[in-house]
Each structure stands twice: as C-alpha cells, then as structure tokens.
Amino acid sequence: MNRAVESLPEAICEKLGNRTYQIDDIGMSNAHIMFYDDLVLKVEESNAEAQREHQMYEWLKERLSIPNVLETVEHQGHHYLLMEKLKGEHACSDQWLKQPEKLVVILVEALQLLWSVAIDNCPYDAGLSQKLMHAKYNVEHGLCDMDDAEEGTYGKDGFESPQALLKWLEEHQPSEALVFSHGDFCLPNIFIDDESVGGFIDLGRSGVADRYQDIALCYRTLLHEFDSRYNGGIVYPNFDPNILFELLNIQPDWEKIQYYILLDELF
C-alpha cells in the first residue's frame, strides 16, 4: 500500500498540486486515507466495494450530504478516490464523545435521513441474499479476521470458525423491512457540523437493506466507543446506549441486532 501512496496517478497529482497531508488514524478499514486542508484521498486495493462507493456517491448527490468526488482512478491494482472534505467533525471526536446524549440525538437524525431516501431506483441491492453471497466469498478466500471479532463470536461459547458462522447465518435469515442503508453505520463514517448531521462517508456497502443493518452497527459502535474498545482506552461512565431505541421510538429486536452484528464479522 505504501508504494501505491508514494506513486500517485498523474490525474490525482494534478488536482492535489503542492498540498501537504496528514494520515487518518480514526477509521478501521484497510484503506489508506490522506487528509489535506480541503480534500481527502482514499487509496485501497481495487475491489467491488471500492468501485461501488464511487457509484453510490454519484447516485446520492441530490439525496444526502456526501463528499463531492473530484477524481477516481484505477491504477496498478489500486483504487484512488479524491474527494472534497466534508464540513464538521467525525461523530467520534472528543467533543461529541463527551456529550453522549446529544450525540445519540444526532445519530438518530442521521439514521432517519438515510431511511428517508427513496429506494425505487437504487443501483445496489445490499439485502441479505447479496450480503451472504459476499460473506461466502470472504470466508472462502480467507478474508475474515477472527482476532478482531466481538468477544464470544468464536471459541468455547461461540462459533468454531467463519465457515460455521456463515452456515448459521444462512440458516437463520430474518425477514427484511427494506430501506436505504449506509451499510457500515459507525461513528467515524458520520460527520457532525453545527450540532447536526454534516454528511456521510465510506458508502461502499450502502444500498437497499433492512433497517437493522444500520441499527445493529450503530448500537455496537455506541457500546464500544464508550467502553474504551474503539477510542484508545477512554471509558465514558454512566452512558446507556439503549437510549438509541428510546429516541428511535422502537422496541429493539435483539435477535436482528445479534444477527447483523454477527454478519458484520465476515466483512
């Protein structure tokens, strides 16, 4: 990956000029993210998800607040996506982690914005049939990281292997209430500007899916941002992530929440 970053394609270099950058160390993806004053460059190995991200940005232009794409290039096995930087801060910034109740209000706003997008002509099906097909590919090609899984997913009280988890997921598919889904709804992928939703990034898994795809990962990210797993060891006491369900005005479907968190272990 370092070589892919050091020798950028000419079309990307022309737009960057002499700008200097900082490396993003917030997200958990395998992509290499370079922050400039006004731009963001995402570099990753070429794959279907990277190509879908650009496609979804194009489709969502008039539907949601998303980065404006300036250039996309496939070069020597890598995908380069150059975008304008969104205004505001990641939802996992210190400012918002210190205001958890207000943060959850904004996250609920973000979920409702996503679900308000009409799905009639959405170019990507992210429902279970497609997700399980991609999960199977990941399992068969050894792309699932057991060491990074939720506690209890594998081992004595969990599944023996990603193959066993995939089999269980295939045999226990829940019904789906379809909406437009982000697909990876975690705090680093939501921007907040002026105490409201500033926009969405990392949309390579977005598309038509059950609303619990987003609810489950939102709940998981709230659990771990405040119990120190995701944020460098800081624990924020006296925060109850279940206020998410109160603000959404729903009774949580814990079986679906468990299912979609387990499904994400294969991505």
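Is Cys186 buried or exposed? I looked this up first. Cys186 is buried, at 17% relative accessibility; buried means under 20% relative accessible area, exposed over 50%, and partly exposed in between, with a 1.4 Å probe and protein chains only.

**Basis.** I am working from a predicted model, where local features need pLDDT of at least 70, side-chain atom pairs count only at pLDDT 80 or more, and totals for chains, interfaces and linings use all residues. Residues are numbered from 1 along each chain as its sequence is written, and side-chain values use heavy atoms, with hydrogens and water left out.

**Cysteines.** I looked for disulfides, taking one as a pair of cysteine sulfur atoms within 2.5 Å. The count by this rule is zero. Cys186 is in no disulfide either; the nearest cysteine sulfur to it belongs to Cys92, 8.1 Å away. Cys122 is buried, with a relative accessible area of 14%.

**Sheet.** I went on to the strands. Helices (H or I, at least four residues) and strands (E, at least two) are DSSP runs, numbered from the N terminus. Two strands pair if DSSP finds at least two bridges between them. I found an open sheet of three strands in the order S6-S8-S9, with antiparallel pairing. Strand S6 (89–90) and strand S9 (196–200) are the edge strands, each pairing on one side only. Strand S8 (residues 190–193) pairs with S9 over four bridges in the antiparallel sense. Helix H5 (residues 100–115) packs on the sheet and touches S8 and S9, its direction making about 50° with that of S9. Contact here means heavy atoms within 4.5 Å. Axes are lines fitted to C-alpha atoms, for helices over the stretch in contact, and angles run from 0 to 180 degrees between N-to-C directions.

**Phe191.** I placed Phe191 in strand S8, opposite Gly199 in S9. Phe191 is buried, at 6% relative accessibility. Leaving aside residues up to four places away in sequence, Phe191 touches several residues, including Leu86, His90, Val197 and Ile201. Phe191 and Ala209 are 18 residues apart in sequence and 22 Å apart in space, C-alpha to C-alpha.

**Helix pair.** Last, I checked helix H8 (residues 212–226) against helix H10 (residues 254–264): their axes come within 8 Å and cross at roughly 80°. H8 is therefore roughly perpendicular to H10; angles under 35 degrees count as roughly parallel, over 145 as roughly antiparallel, 65 to 115 as roughly perpendicular and the rest as oblique. Among the residues making the contact are Tyr212 and Leu217 of H8 and Trp254 and Ile261 of H10.
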